[in-house]
Amino acid sequence: MATINTNFLKLKAGYLFPEIARRVKAYSDAHPGAAPRIIRCGIGDVTEALPQAVVEAMHEGVDEMACRNTFKGYGPEQGYEFLRQAIVDHQFADLGIAADEVFVSDGSKCDTGNILDIFGKGNVIAITDPVYPVYVDTNVMAGNTGEADANGAYGGLLYLPCTAANGFVAEVPHQRADLIYLCFPNNPTGAVATRAQLEAWVAYARANDSIILFDAAYEAFVRDPAVPRSIFEIEGARECAIEFRSFSKNGGFTGVRCAYVVIPKSLTGSDGQGGRVSLHQLWSRRHSTKFNGASYPVQKAAAAVFSPEGKAQVAALVEHYMGNAKLLREAVAAVGLPVFGGVNAPYVWVGCPAGLSSWDMFDKMLQEAQVVITPGSGFGSAGEGYFRISAFNSRANVEEVCRRLTALVSA
Ligand code: MLT
């Protein structure tokens, strides 16, 4: 008899975004006349075409694969040297990261989930609330939690509430945590952490022998030069942090798939018997066993993000999406709803009109304005009473969303 991983049975309903898609489909099927009006600002999926430099590099990669002399079979599991070096030179200059501390992959969602393979059972896991649901669900799947309570909070996780009162940046807890998930710029709230706040986290992690899992997938959207883009800007982070980065949101790779993890060689974990083990070595072993590398044309395309043309084109894309975020923030503020984020992040986090829950607001926006947003409670119980608007869209759509939101809330 083949038994199953019963941890999956603890998972609440569906993963948030498929659940939203299901509700949108149900509405569209029931209202075919309204369906063409629907504007999707739910999932944070990019909408604009790939940068031209990326497209050209990908074409070149494909052409090389089409010729016997330049064809490539399996590549290095950890990524081609040309990409790992470009990442270090352009993203981590002066931060003491070496090319062989970078592991190229096919996405940060996979990386943040897969990283649990190298950690043991019984770790105290700290998760912010609200949070990107992948961190929670992958811990449930891995058996690191108990059952969910009526609010959807899982036993065994240490939840760190992020509220308007703390600027949606979790404070270091009084208890010890072994693994801590931090995401800045934050998904879903759009909050950023100051240098002093990250220093406090690094000091906490070092004092408690914990590891920070730092998701920096949205670093390209940081505009304030005082805001750190990498945890490795903080002294001591090499001894306590792993960083996740992606080409999805800056280079528009959500449909192309390329990301990377930075694991310093100086980072170790306990073997539970007094010994220390290199996490870099464990991840390298894991990666080589379970992954055969991102495809060559994709890695060529990713490296083009760092060419002079690529940089300028990515900057224009970021500028476009952040222009959208500004419009959304202004429209929300003008109708008197509390608004957060959207300044150093492509997500605008909004307080629901009085008396409406997050899912009430989702339904109202869908049914009365044909706009898809993400209900804050889908990111955790502390997200109740909020909703997230993604700035990833065309300018025309965002202007239309602003008009419809204004009409809906002012009515
Ligand atoms: C989101 O909308 O939160 C993100 O697009 C999800 C993701 O990047 O996987």
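**Close-up views of a predicted model**

**View A. R23 is partly exposed, with a relative accessible area of 27%.** This is a predicted model. R23 sits in helix α1 and D363 in helix α10 (residues 358-369), so the pair ties together parts 340 residues apart in sequence.

**View B. K300 and E64 form a salt bridge.** Their closest N and O atoms are 3.1 Å apart. K300 belongs to helix α8 (residues 296-304) and E64 to helix α2 (residues 52-65), so distant parts of the chain, 236 residues apart, are linked. K300 is buried, with a relative accessible area of 18%. E64 counts as buried too, at 18%.

**View C. D209 pairs with R276 in a salt bridge.** The closest N and O atoms lie 2.7 Å apart. D209 is in the loop between α6 (195-208) and β6, while R276 is in strand β10 (residues 276-278), so the bridge ties together parts 67 residues apart in sequence. D209 is partly exposed, at 44% relative accessible area. R276 is partly exposed as well, at 44%.

**View D. E19, R22, R23 and D363 form one network.** Salt bridges that share partners join these residues. The structure holds 22 salt bridges.

**View E. Helix α5 (residues 133-141) is mostly covered.** Of its 9 residues, 8 are buried. Among them are P133, Y135 and D137. The buried residues pack against helices α1 and α4 and strands β3, β4, β5 and β6. Just after the helix, G143 takes a positive phi of about 80°.

Terms used
Residues numbered from 1 in each chain as written. Predicted model: local features only at pLDDT ≥ 70, side-chain atom pairs only at ≥ 80, totals over all residues. Heavy atoms only, no water. Buried < 20%, exposed > 50% of the residue type's maximum accessible area, 1.4 Å probe, protein only. Helix = DSSP H or I, 4+ residues; strand = E, 2+ residues; numbered from the N terminus. Contact = heavy atoms within 4.5 Å. Salt bridge = Lys/Arg side-chain N within 4 Å of Asp/Glu carboxyl O.
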